[in-house]
Amino acid sequence: MLIAFALLGCTSGEPTDVAEVPPPPPVAPAPRHVTLFGVLPDTMHDIETPPSRALIDLGRMLYFDARLSKDQQYSCNSCHELAEYGAAREPTSGGAPEGQRPRNAPSTFNATLQFRQYWDGRSDDLVTQAQEAFLNPREMAMASQSDVVSAVSAIPGYADAFAAAFPAEPTVTFGSISRALVAFQQGLVTSGSKLDRYLMGEGAAMTPEEVAGFDRFVSTGCVSCHSGVLLGGGMFQRLGAVHAWDTPDEGRAWSTGDEAERRLFKVPSLRNVAETGPWLHDGSATTLPDVVRRMAHHQLGRDLSDDDVSSIVLFLSTLTGTLPTDYIAEPPLP
Ligand code: HEC
Ligand code: HEC
């Protein structure tokens, strides 16, 4: 008590001294945790060799064209609806063929920045992903590569679009179809979120409550898996890292056959996560508080208070960026 009193006396000084010290100038608080995350770029196209407008326009038409699927039932946009942040509203999408677990359709926005594609990361990049999407019984369900090429070639209007997009080699091939789709998808960016503006130094872009939620996201340990520009999308982790997670989906082991990879899933991006529910690989979570609570318990061994949960959920809403409405407008199809 005596020591505390002495220290207090030491630092505060006489009342007259205090009155003479000018108040410190107001300093905007420096954005926090800048090194752990990153700002979404405005475009994900290769800046040195940007794709032509014609190639992107072709990719957009293909993205919206249901005639390229089995029974002409689905386009990419059916399950990755761009006006809805590129994800599906249903818990799981598409039919579930034998032996495979139905999964939730993740967003195609910002997807190219991930280190791999799919919940189990079985595709290396968007090119192989687009090719698999056509043949995957749970996506476009086409029987073969040549069936896809025939479906496109059967629509006469596409000939001009391919000629404009591939002037040197206008023949429709499986490779050129996927290249166009990828060129279009690389423009699917949702920049301008509150978090991005905050990280770029605009301290007032986030309210003090949102910054507090950001602090809790970091101090709770979510950041150990969800970091980088996408707050995810860069590694695999075991679902149920601390407390077992009950799911029949084998995760990576299902595609690699490696028992050691059982229940390993790609840590998903949290960009726009407030808009992409239902959540998790099986779409089993219908509210964000539920996901946050389960994550903290199973992945970190922590049981969060209601206050912590709502604070983190508030932070997650700052990850919603702006939809590029002109870029994603549905085009007239040939
Ligand atoms: C019938 C629904 C359906 C259709 C149609 C569909 N997808 Fe998917 N897509 C899914 C599902 C479900 C997954 C997740 C599957 C998994 O992880 O095993 C997925 C995953 C993806 C991913 C990986 C995203 C990530 O974060 O890992 C991309 C990219 C993608 N699809 C693009 C496309 C494109 C391009 C097309 C059109 C050629 C397409 N999809 C058609 C349902 C669909
Ligand atoms: C040990 C790694 C790890 C930690 C720590 C972790 N997560 Fe996750 N998170 C994952 C994985 C893996 C998934 C994918 C779950 C699945 O496959 O269903 C995921 C999924 C999510 C999702 C669902 C995203 C979607 O699109 O469906 C949210 C939201 C999320 N985590 C938030 C958090 C929050 C908030 C915390 C901290 C309380 C946290 N995570 C901690 C690994 C982790």
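Modeller: A polar contact is a pair of N or O atoms within 3.5 Å; within protein, one must be able to donate a hydrogen and the other to accept it, and residues adjacent in sequence count only if both atoms are side-chain atoms. This is a predicted model, in which local features need pLDDT of at least 70, side-chain atom pairs count only at pLDDT 80 or more, and totals for chains, interfaces and linings use all residues. Residues are numbered from 1 along each chain as its sequence is written, ligands are numbered from 1 in the order in which they are written, and side-chain values leave out hydrogens and water.

Biologist: Which polar atom of histidine 281 lies 2.6 Å from an oxygen atom of ligand 2?

Modeller: The atom belongs to the side chain of histidine 281. At leucine 280, a polar backbone atom is 2.7 Å from an oxygen atom of ligand 2.

Biologist: Which residues coordinate the iron atom of ligand 2?

Modeller: Donors are N, O and S atoms within 2.8 Å of the metal (3.2 Å for Na, K and Ca), and water is not among the atoms, so sites may look incomplete. Here His226 (NE2) and Met295 (SD) coordinate the iron, at 2.1 to 2.4 Å.

Biologist: Why is the arrangement of the six donor atoms octahedral?

Modeller: Six donors count as octahedral if opposite donors are over 155 degrees apart and all others between 65 and 115. Around this iron atom the six donors subtend angles of 88 to 180 degrees, so the arrangement is octahedral.

Biologist: Is histidine 226 buried or exposed?

Modeller: Buried means under 20% relative accessible area, exposed over 50%, and partly exposed in between (1.4 Å probe, protein chains only). Histidine 226 is buried at 10%, whereas methionine 295 is partly exposed at 24%.

Key
Four donors count as tetrahedral if all angles lie between 85 and 135 degrees; four count as square planar and six as octahedral if opposite donors are over 155 degrees apart and all others between 65 and 115; anything else is irregular.
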